[in-house]
Amino acid sequence: MDKNNQNRVEHDYQTISAKPVELKKDYNFFNHNPFFKMLSFFVVLLIKIFVFFIYGKVFRGLKIRGKKNFKHLKKDRFILVSNHMHVMDAVWIGAAIFPKKIYVTMLQSNLGLPVVGKILRVAGGIPIPETKDHMIRFLGELKTELSKKTPVLVMPEAAIKPYHVGIRKFLSGAFRFAVDTDSKILPIVYIYKKPKGLFKYIKKKPWLEMHVLDPITPIIGQTSKESLTLTKDYVHSVMSKHFNTYSDLKEDGYEEK
């Protein structure tokens with residue numbers, strides 16, 4: 001398989017077949033209809049109970065470290081970034097921040113997932129548009145939302161790779177949003193902890209921890225492209241170092257110093 005096809009297959013990873021989706025010309029990426037917002041509140045509340053507390057904490061052993069850093073979201077504009085290693089990782093972040101509103105960018109094709117697509121949309125999913133005209137509209141609405149201090153979560157690894165050990169290569173989108181909108185970045189790193197005691201005999205997968213790191217201000221270079229690259233590389237290095245320092249499972253070739 002050639003490199004382009006390999007990237008495409010990885011990026012299109014999904015558990016359910018999605019129907020093709022085409023956005024309307026006047027599509028509202030950030031829906032402010034009061035009935036939609038009310039429905040969204042109750043959907044996320046149910047997600048917090050069943051997906052976060054019951055599935056996440058009870059069955060996956062999910063713990064949150066550095067939760068105090070969520071308080072920064074009240075004070076400034078933020079793009080959140082995280083490694084993408086579980087189908088529920090973005091959902092857990094949104095539930096952890098609830099009742100504060102958060103939006104999560106997702107593939108436009110996710111809207112075509114039966115049932116799940118509608119739930120994701122109502123819960124705060126924002127499709128990343130595939131056309132230039134829609135992208136211009138999207139960026140305008142994004143700047144407006146960030147000006148209201150509504151955080152937006154972007155998964156810079158793009159594709160889900162279940163239980164991947166380490167931080168994979170980042171795409172540029174999240175950091176372009178941060179630089180273009182003068183927003184800070186809040187890195188979130190999922191790490192793995194080996195089960196102990198009786199659990200090490202009955203659990204095949206490691207426990208999960210969500211680590212909320214300190215905010216990062218974008219690095220300003222001579223051009224916007226340089227700013228984007230410097231910021232992306234720096235955030236990646238911070239998240240990689242944190243993962244390999246605190247995770248029981250570490251990247252191949254990593255040596256503790």
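Trainee: At what angle do the axes of helix α2 (residues 34–59) and helix α3 (residues 89–97) cross?

Mentor: Two packed helices are described by the angle between their axes and by the distance between those axes. Here the axes of α2 and α3 come within 10 Å and cross at roughly 115 degrees. Axes are lines fitted to C-alpha atoms, for helices over the stretch in contact, and angles run from 0 to 180 degrees between N-to-C directions. The two helices are therefore roughly perpendicular to each other, a label given to angles of 65 to 115 degrees. The model is predicted: local features need pLDDT of at least 70 and side-chain atom pairs count only at pLDDT 80 or more, while totals for chains, interfaces and linings use all residues. Residues are numbered from 1 along each chain as its sequence is written, and side-chain values use heavy atoms, with hydrogens and water left out.

Trainee: Which residues of α2 and α3 make the contact?

Mentor: From α2 come Ile47, Lys48, Val51, Phe52, Tyr55 and Gly56, and from α3 come Val91, Trp92, Ala95 and Ala96; contact means heavy atoms within 4.5 Å. These residues divide into eight nonpolar, one polar and one charged. In that scheme Ala, Val, Leu, Ile, Met, Phe, Trp, Tyr, Cys and Pro count as nonpolar, Asp, Glu, Lys and Arg as charged, and the others, Gly among them, as polar.

Trainee: In what order do the strands of the open sheet lie?

Mentor: Strands of a sheet pair through backbone hydrogen bonds, either parallel or antiparallel. In this structure seven strands form an open sheet in the order β1-β7-β6-β2-β5-β3-β4, with mixed pairing; two strands pair if DSSP finds at least two bridges between them. Helices (H or I, at least four residues) and strands (E, at least two) are DSSP runs, numbered from the N terminus. The edge strands, β1 (63–65) and β4 (125–128), each pair on one side only.

Trainee: Are the residues of strand β2 (residues 78–82) buried or exposed?

Mentor: In a regular strand the side chains alternate between the two faces of the sheet. Five of the five residues of β2 are buried, so this strand is largely enclosed by the rest of the structure. Buried means under 20% relative accessible area, exposed over 50%, and partly exposed in between (1.4 Å probe, protein chains only). Phe78, Leu80 and Ser82 lie on one side, with Ile79 and Val81 on the other.

Trainee: In which sense does β2 pair with strand β6 (residues 184–193)?

Mentor: The two pair in the parallel sense over five bridges, and serine 82 stands opposite isoleucine 188 in β6.

Notes. Parallel < 35°, antiparallel > 145°, perpendicular 65-115°, else oblique.
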